[in-house]
Amino acid sequence: GIDADSYSNLGGTPYFEKAQGVAQDAQNSSEPGWKAFENMKNRYWLTENLMNPQYRPIRESIYEYHRKGLDLMYDNVESGRSNIAESLKNLQKANRTKPGSFLLRLYVDSKRDEIIKVFGEGSPTTKAEVVNIMKEIDPANGDKYSAILK
């Protein structure tokens, strides 16, 4: 589903609907990691977050980041970098709506090093904007993002 979201906006929806159905069916399972009441970091909550409209900006960011950002960088580095910076604003929006969501944590953890590398170069204004966004979203790793400004 995430891969499909990276190729078309919300393209992973049919896959996430199936995953949500599996998670719903597994509520009676004796296996851990499926029940809503176990904790907020399991398969149930991942599928819930992926399908919850409040987290839609995260999924939209996946498309913008990959298709309009990384893919475009092949032909136009600055334009791609600018689009990635814009995609991060969707993550910021989601974080302000629901801070610290499981889905946002997973996404940021998987993209942190790449974001730092992408913005190691570029305009000082864009760098500063990205650092501020990422420090707000991922404050525990603020020092890592500060390296972008050096």
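Predicted model: local features only at pLDDT ≥ 70, side-chain atom pairs only at ≥ 80, totals over all residues.
**View 1. Arginine 59, a buried residue of helix α4.** Leaving aside neighbours within four places in sequence, arginine 59 is in contact (heavy atoms within 4.5 Å) with Asp5, Asn9, Leu10, Gly11, Gly12, Thr13, Phe16, Leu50 and Met51.

**View 2. The packing of helices α2 and α3.** Helix α2 (residues 13-25) and helix α3 (residues 43-51) pack at about 145°, and their axes are 9 Å apart. Axes are lines fitted to C-alpha atoms over the stretch in contact, and angles run from 0 to 180 degrees between N-to-C directions. From α2, residues including Thr13, Phe16 and Ala23 take part, and α3 contributes Leu50 and Met51 among others.

**View 3. Helix α5 and its cover.** Helix α5 (residues 77-97) has 21 residues and reaches 31 Å from its first C-alpha to its last. Among the buried residues of α5 are Gly80, Ile84, Leu88, Leu91 and Asn95. Their cover includes α4, α6 (102-118) and α7 (124-137).

**Notes.** Residues are numbered from 1 along each chain as its sequence is written, and side-chain values use heavy atoms, with hydrogens and water left out. Local features need pLDDT of at least 70 and side-chain atom pairs count only at pLDDT 80 or more, whereas totals for chains, interfaces and linings use all residues.

Notes
Helix = DSSP H or I, 4+ residues; strand = E, 2+ residues; numbered from the N terminus. Buried < 20%, exposed > 50% of the residue type's maximum accessible area, 1.4 Å probe, protein only. Expected span 1.5 Å × (residues − 1).
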